Amino acid sequence: MNEIILCHGLTKTFGAVRALDNVELTLPRGRIVGLLGPNGSGKTTLIKLLCGLLQPTSGTVEIDGCAVGVHTKSVTSYLPDRMYFADWMRAGDLVDLFADFYRDFDRTKCTGMCAALGIHARDRIKTMSKGTKEKLQLALVMSRRAQLYLLDEPIAGVDPAARDFILNTILTNYNEDGTVLLSTHLISDIERVLDEAVFLKAGRVVRHESVDSIRETEGKSVDALFREIFRTQPMEGGAW
Amino acid sequence: MDWKLDDGRPIWVQLAENLTRRIVSGQYPPGSRLPAVRELAQEAGVNPNTMQRALAQLETDGLAASNRTAGRTVTEDAAVLENTRRHLARQNIAFYLNSMAQLGYDADQAAALLKEVRE
């Protein structure tokens, strides 16, 4: 079984809004995949469906051959797009929490990463900068030996140097047959890290290809292609 | 030598070119062991699969070989190395002549100018 993710006819609606529309997506193991799309294209919705925070309106999702549930959650490591830890906690508390919660958590790895980031066990989350919080959170998530890492906007809020650190962390710490799915709209920064790019536009997968084959066939970078596909078009007027 | 990647061309192709230059320039001497895929990928800040593909290209070009025990080593075949060096030199010369042509110098004038500057 070579696929880690299998989505079939996946649709999610919020009232009248079709956040995801009939998504067909198959992702193999051992890849770093970029989930690319402008704001509101359905990136976070897709990730939340994959980690079971949302239920599909119709269609199916399979991870590691199972419907989303206890098994899939045990093999999935999820980095939400916002911090979900109580801010009175200290970095060390979070490491303990993760060690309690996840069998595949590698404490040594995590404390090593935190040390490299200059985060001490006694540091309170409340006093950390936004960038430091993101880095701590990523260190926790990447210290699991998961089969699937779902990273929602891991580089959005941090400076370019921290961005490099985060990308490096992803490159060096994902386990070899694990797949990383990371959503972003900052494509030029992550392009060289990706195997494949999935373009989401208004809830549909409009393109799914390897980065080098895009460069080969289009003669331009994925970033340039993204700008072309998503060139801002005037909105169609709504009825008021 | 650093890993500068430009837009619009496949990343693995650029990585393979960079590695090739490192080999012919002697940064990776003949018969020496190349760094591991992961190490190179991290150094270049690229996906290991992409680096793997670049290294596979070096093997196809005969510049490197995989041994089961010693990892991946640079070829000791002097002819292959010299051919590659020649090929890269020709590319550089073609580039030089091309940009001189844009300035309005033909090949002979360009060669004469080159000699003049060297003296």
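**Strands, helices and an interface**

Modeller: Strand 9 (residues 196-201) and strand 10 (residues 204-210) of chain A are joined by six bridges in the antiparallel sense. The model is predicted, so local features need pLDDT of at least 70 and side-chain atom pairs pLDDT 80 or more, while totals for chains, interfaces and linings use all residues. Residues are numbered from 1 along each chain as its sequence is written, with chains lettered from A and ligands numbered from 1 in the order in which they are written.

Biologist: What makes strand 9 and strand 10 of chain A a pair?

Modeller: Strands are DSSP runs of E with at least two residues, and helices are runs of H or I with at least four, both numbered from the N terminus. Two strands pair if DSSP finds at least two bridges between them; strand 9 and strand 10 of chain A have six.

Biologist: Which strands make up the open sheet of chain A, and in what order?

Modeller: Four strands of chain A, in the order 2-1-4-5, with antiparallel pairing. Strand 2 (17-28) and strand 5 (66-67) of chain A each have a single partner strand, so they stand at the edges and one side of each lacks a neighbour in the sheet. Inside that order, strand 1 (residues 3-14) and strand 4 (residues 58-63) of chain A run antiparallel over five bridges. Leu6(A) faces Glu62(A) of strand 4 of chain A.

Biologist: Why is Val95(A) called buried?

Modeller: A residue is buried if 20 or more other C-beta atoms, placed from the backbone, lie within 10 Å of its own, exposed if 12 or fewer do, and partly exposed in between. Val95(A) has 21 such atoms, so the label buried applies. Val95(A) belongs to helix 3 (residues 91-101) of chain A. Contact means C-beta atoms, again placed from the backbone, within 7 Å; leaving out residues up to four places away in sequence, Val95(A) touches Arg107(A), Cys110(A) and Thr111(A).

Biologist: What makes the length of helix 6 of chain A the expected one?

Modeller: The expected span is 1.5 Å times one less than the number of residues. Helix 6 (residues 160-173) of chain A has 14 residues and reaches 20 Å from first to last C-alpha, close to the 20 Å expected. Its buried residues include Ile166(A), Leu167(A) and Ile170(A). The buried residues of helix 6 of chain A pack against elements of both chains, among them helix 5 (130-142) of chain A and helix 2 (37-44) of chain B.

Biologist: How many residues does each chain give to the contact?

Modeller: Chain A gives 17 residues and chain B gives 14 residues. On the side of chain A, helix 6 and helix 8 (211-218) are the elements that give two or more. That side divides into seven nonpolar, four polar and six charged residues, where Ala, Val, Leu, Ile, Met, Phe, Trp, Tyr, Cys and Pro count as nonpolar, Asp, Glu, Lys and Arg as charged, and the others, Gly among them, as polar.

Biologist: Where do the buried residues of helix 3 of chain B lie around the axis?

Modeller: These residues are Pro48(B), Thr50(B), Met51(B), Ala54(B), Leu55(B) and Leu58(B). They cover an arc of only 160°, which puts them on the same side of helix 3 of chain B; the arc is that of the directions from the helix axis to the C-beta atoms. They pack against helix 8 of chain A and several elements of chain B, including helix 1 (11-24).

Biologist: Is each chain compact or spread out, and how do you know?

Modeller: The radius of gyration is taken over C-alpha atoms, and the globule rule is 2.2 Å times the number of residues to the power 0.38. Chain A has nine helices and 10 strands. Its radius of gyration is 18 Å, close to the 18 Å given by the rule for 240 residues, so chain A is as compact as a globular protein of that length. Chain B has five helices and two strands. Buried residues make up 42% of chain A and 22% of chain B.

How values were computed: Two residues are in contact if their C-beta atoms, placed from the backbone, lie within 7 Å.
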